Amino acid sequence: MADSLPSRRLQSEENPLTQLPDPLLWKRVRAGEERAFEELIRRYYPPLYQYGLRYTRDMDLLKDSIQDLFVELWIYHRNMAQTEFVRVYLFKSLRRKVFRNAAGEGSREPLDEEAVDHFLISENAEDELIQTELSAYQRSRLHALLRTLSNRQREAIHLKFFAALSNEKIAEVMGLNYQSVANLLHRAVNRLREGWHTLLQ
């Protein structure tokens with residue numbers, strides 16, 4: 001990776017790139033600007049990492065997949081299409097790369113996209129969902145409630161409420177049609193609502 005990526009520089013608080021909207025930053029990356037690419041990494045490594053944790057507990061696999069994604073972005077930056085939805089592009093690319101890398105590594109068990117254990121809600125994500133003064137018992141119950149959702153329901157919830165994507169963009173990331181995403185979210189939210197009343201009693 002050291003030979004493929006530009007050297008990382010410390011980001012200055014006065015760096016104007018930090019205020020640049022995603023589409024303009026992407027345009028500069030496509031033009032081969034190293035500082036813009038560094039800002040893209042700084043801006044999106046954390047959310048990509050958090051999103052990837054929903055698929056695997058294999059930290060090496062996840063870090064390798066993110067690194068591969070950024071390496072390929074830099075190598076092929078001039079061939080990338082312009083997009084207004086950089087977050088969607090990156091999430092979709094990482095999702096595909098994690099599964100491909102897992103399937104291609106003989107020493108790693110391939111991920112099953114339908115397996116419940118391979119789409120995980122982290123404790124931090126759950127805590128973000130409930131910024132209320134719940135007791136430890138209620139918080140534990142809520143964690144259990146979230147885990148009753150299917151893996152696809154949890155992914156849709158994450159993309160909707162943590163990544164703040166529209167249903168259309170969620171459909172693009174997950175490779176589903178709009179109605180399927182709407183149905184997933186509807187069922188997931190209804191299930192959470194049904195359990196919430198009991199939870200707070």
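Contact here means heavy atoms within 4.5 Å. I start my notes with that cut-off.

**Entry 1: the model.** I am reading a predicted model, in which local features need pLDDT of at least 70, side-chain atom pairs count only at pLDDT 80 or more, and totals for chains, interfaces and linings use all residues. Residues are numbered from 1 along each chain as its sequence is written, and side-chain values use heavy atoms, with hydrogens and water left out.

**Entry 2: Leu159.** I looked up what Leu159 touches. Setting aside neighbours within four places in sequence, I found Leu159 in contact with Tyr51, Phe91, Ala164, Leu165, Ile170, Val173 and Met174.

**Entry 3: the overall plan.** I listed the elements of the protein chain. There are nine helices and zero strands. Helices (H or I, at least four residues) and strands (E, at least two) are DSSP runs, numbered from the N terminus. I then checked burial, where buried means under 20% relative accessible area, exposed over 50%, and partly exposed in between (1.4 Å probe, protein chains only). Of the 201 residues in the protein chain, 44% are buried. I also looked at contacts between residues at least 6 apart in sequence: 67% of them join residues at least 24 apart.

**Entry 4: the core.** A nonpolar core is a set of buried Ala, Val, Leu, Ile, Met, Phe, Trp, Tyr and Cys residues joined through side-chain atoms within 4.5 Å. The largest one has 46 residues. Phe37, Leu40, Leu48, Phe70, Leu73, Leu90 and Leu159 have the most contacts inside it. At least two residues each come from α1, α2, α3, α4, α6 (136-146), α7 (151-162), α8 and α9 (178-199). Which helix gives the most to this core? I found that α2 does, with eight residues.

**Entry 5: aromatic pairs.** Rings of Phe, Tyr and Trp (its six-membered ring) pair if their centres lie within 6.5 Å; planes under 30 degrees apart count as stacked, over 60 as edge-to-face and the rest as tilted. I count seven aromatic pairs by this rule. One of them, Phe37 with Trp74, is tilted, at 4.9 Å centre to centre and 40° between the planes. Phe37 lies in helix α2 (residues 34-52) and Trp74 in helix α3 (residues 59-75), so the pair ties together parts 37 residues apart in sequence. Phe37 is buried, with a relative accessible area of 0%. Trp74 is buried too, at 13%.

Next I checked Tyr55 and Phe99. Their ring centres are 5.2 Å apart and their planes stand at 80°, so the pair is edge-to-face. Tyr55 is in the loop between α2 and α3 and Phe99 is in helix α4, so this pair ties together parts 44 residues apart in sequence. Both Tyr55 and Phe99 are buried. Ring pairs also link Tyr51, Tyr55, Phe91 and Phe99 into a cluster.

**Entry 6: helix α8.** Is α8 (residues 167-174) mostly covered or mostly open? I found it mostly covered, with six of its eight residues buried. Those are Asn167, Lys169, Ile170, Ala171, Val173 and Met174. Lys169 lies over the face of Phe85, at 3.5 Å from the ring centre. The rule asks for NZ of Lys or CZ of Arg within 6 Å of the ring centre and within 35 degrees of the ring normal. After α8 comes Gly175, whose phi is positive, near 70°.

**Entry 7: α1 on α4.** Asp22, Pro23 and Trp26 in α1 meet Val86, Tyr89 and Leu90 in α4.
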